Amino acid sequence: MGRPCVGGVVPPTMGPGYTRPAASHVTWATTFSATLVSTIFLVLTAAMQSAGGGSTSLGGAPPVAARPVRASRYRVAGCRSRGTVAYLHGPRVREVAIGFDDGPARDTGAFVTMLERSHAQATFFMIGDEVAPSYRGTLLRELHDGDVLGDHTFTHPYLTTHPREVRGQLRRTMSVIRALSGYTPCVFRPPYGAYDKSILETARSLGLATVLWNVDPSDYALPGKAAIERRVLSGVAPGSIVISHDGGGPRGQTLAAYPSIIAKLRARGYKIVTIPQLLGFRPLYVPCVDLCDGIGVRRSEVPREAIIEHAP
Ligand SMILES: [Zn+2]
């Protein structure tokens, strides 16, 4: 695969017409009603299990106690985006979001390990056609770590010259990511930064915010670890979105550059966040009594800003 994400197309500049929510948190009422519904669900489940479990009190035998119900857990299932323009950066706060494009690929697991060692999270914009079942563990590991999965189309075309393909390219990618990981993306990065108003609107209709970048070290051109580091560090400003690549070719230089980039950004006072976090998009969590995929968390571990929805 030799498909660099960035070609000769300079992304049109559109104003970042967003406003960050003043306070993104789950209200008491929302929390209460989610808890109440979960409780009712668990009670009903316990009653059904008891009824079907041969319980009897005939003949004076002691009633069989209902099996203890497993504590309800929750898993991340997506995020909720908004906005009708393409985001080049976030609010001018001391945060930076890093996006890795064109995976999943051979090096993606190493990128996840690098992020774990750096205690940082990133946003992975995936090519749907590359999302093979063998990457299921990698995707779940990313979700476990707090990384975000984004849509980078199914086959990486220039969408502006293939307008009839746009919806299908986005939907197929969302679908394959969801089928493999249980997570539905809410952010989309157009290949080569090529987009227009119609593409923005189609993405929006699918729940996807279109996200570009304002720092590009051109790591796909393999300029060397030192150049990648220097370009990122010289380009970052508060609210920056950085584009790099975990797929589409050998990515050892990028992989080697980021531990130092992350450490030096932190030394300057920057917090490393995901793109949804930078843009104020809230994560979605669902109850997962049996389908937690190893990434279920206790209610108390669900992020405070999360939206909790009922399982589909
Ligand atoms: Zn790309």
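Student: What is the strand order in the open sheet of three strands?
Tutor: The order is β1-β9-β10, and the pairing is mixed. Strands here are DSSP runs of E with at least two residues, helices are runs of H or I with at least four, and both are numbered from the N terminus. Two strands pair if DSSP finds at least two bridges between them.

Student: Which strands stand at the edges?
Tutor: β1 (74-80) and β10 (307-308). Each has a single partner strand, so one side of each is left without a neighbour in the sheet.

Student: How many bridges join β1 to β9?
Tutor: Six, and the two strands run antiparallel. Tyrosine 74 has proline 287 in β9 as its bridge partner.

Student: Before we go on, what kind of model is this?
Tutor: This is a predicted model: local features need pLDDT of at least 70, side-chain atom pairs count only at pLDDT 80 or more, and totals for chains, interfaces and linings use all residues. Residues are numbered from 1 along each chain as its sequence is written.

Student: New topic. Is β7 mostly covered or uncovered?
Tutor: Mostly covered: five of its five residues, 241-245, are buried. Buried means 20 or more other C-beta atoms within 10 Å of the residue's own; exposed means 12 or fewer, and partly exposed is in between, with C-beta atoms placed from the backbone.

Student: Which residues sit on each face of β7?
Tutor: Ile241, Ile243 and His245 are on one side, with Val242 and Ser244 on the other. In a regular strand, side chains alternate between the two faces of the sheet.

Student: How does strand β2 run relative to β7?
Tutor: Parallel, with five bridges joining them. Aspartate 101 stands opposite histidine 245 in β7.

Student: What about valine 232, buried or exposed?
Tutor: Buried, because valine 232 has 27 C-beta neighbours inside 10 Å. Its place is helix α6 (residues 225-235).

Student: Which residues does valine 232 touch?
Tutor: Val215, Pro217, Val242 and Ile261, leaving out residues up to four places away in sequence. Contact means C-beta atoms, placed from the backbone, within 7 Å.

Student: Where is the cis peptide bond?
Tutor: Between glycine 103 and proline 104, with omega about -5°. Proline 104 is in the loop between β2 and α2 (108-118). Most peptide bonds are trans.

Student: And what is phi at aspartate 102?
Tutor: Near 80°, a positive value in a residue other than glycine. Aspartate 102 lies in strand β2.

Key: Contact = placed C-beta atoms within 7 Å.
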